[in-house]
Amino acid sequence: MKAYMKSGVAVLLAAMAVCLCGCNEGNSRPTGGSISSIVINSSNDAANGGSGSTSNGSSGVTGNSSSTVSDVSEPDNLTVNADKTVASGETLTVKSGETLYINSGAELTVEGKIDCENGGSINIQSGGALLLGGDIRLDGDLKLNGKLGIRESGKIAGSGTLSVLDSFEDIDCEGTCTAKIKAPAPVEKDGITTVGGVLIVNKKYTVPEDYGDGLVIDDAYNKLLEMREDTGYSLALVSGFRSYETQKGLFEYYCEIDDYERVIMYSAEPGHSEHQTGLAMDLGEITEDYAYTEEGAWLTDNCHKYGFIIRYPMDGTDKTGYDYEPWHVRYLGKSTAKLVVDSGLTLEEFLGVETQ
């Protein structure tokens, strides 16, 4: 992903033209002091020959074009049609009633800030991308149908909503996102249910009897090995993949020694176990006290850095349908795991699905 700064006589003349256009102050403002700034206008401003808004009220965006006005197709909309950058120290404001479109083939790199006000909207179209190294204050809506990269220094916060229209794989999150995330609707195919590409298995959603190949998937197992190598903790694999038949026998055994109503709080019925997906593992010790060991505490606080979440967290029983299990991790991949942890929600809450 890339953005270019462009300078020279042509750009200098364009910048002078903006400053000397003779428009009134309310419609023509500096673009943050950079002669390579590209002004992204709403069509109302463009019609008046002025600019949009930056950190001092104008929307200054630097990029690889010397044009001073972007293509705008609809009233009260901002449009990015080529690679551009909101530079460090600049703010692009999306006001109430405005929509910032990032079109196919275009990438908007944000090193500064985007302020999306309540009633404003950011729409990343299919084939478009937003690369965030700065901040987005999201009090409006962000609709993601393209790609969103959040660098380690990037942050999305606010009272608005980030709507994932297709897949969580469209987000590469190394930074922080505390804004509300709205997942796409569940999709059922061949007996399994996914939400934004995330396989969901719980007391409501099942997998077929023959699902799974008998192993923990390679990505999850390799990340377990990486955790061991990085920390020196044993992180013993107590239980990995379980077939439908194995889960059936285990559940029936528990029902022989305990009340059914109690069993369903700590054991999944056959077809409802995450272990059958090859994405879940029981690590360390099968006791709540594991959370208070050095290894268990590390796992709780850090497993998301390797792509895992504690699937059945403390105080999450009414959301997940299961007791607290600090030993049970579920592999989602680093980006999605980070998003779930940032949200402070259980997986059911994060995906917007029912428990049972």
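A: Leucine 225 is partly exposed, with a relative accessible area of 36%, where buried means under 20%, exposed over 50% and partly exposed in between, with a 1.4 Å probe and protein chains only. This is a predicted model, in which local features need pLDDT of at least 70 and side-chain atom pairs count only at pLDDT 80 or more, while totals for chains, interfaces and linings use all residues. Residues are numbered from 1 along each chain as its sequence is written, and side-chain values use heavy atoms, with hydrogens and water left out.

Leucine 225 sits in helix α3, residues 218-231; helices (H or I, at least four residues) and strands (E, at least two) are DSSP runs numbered from the N terminus. Together with Tyr221 and Leu237, Leu225 makes a nonpolar surface patch of about 230 Å². Such patches take residues with over 30% relative accessible area and no salt bridge, joining nonpolar side chains (Val, Leu, Ile, Met, Phe, Trp, Tyr) within 5 Å and like charges within 9 Å; the areas come from the Shrake-Rupley method with a 1.4 Å probe, and for residues only the protein chains shown count as cover.

Turning to the charged pairs, the structure holds 12 salt bridges, each a side-chain nitrogen of Lys or Arg within 4 Å of a carboxyl oxygen of Asp or Glu. Among them, arginine 311 and glutamate 348 meet at 2.7 Å, N to O; arginine 311 lies in strand β24 and glutamate 348 in helix α9, so the pair ties together parts 37 residues apart in sequence.
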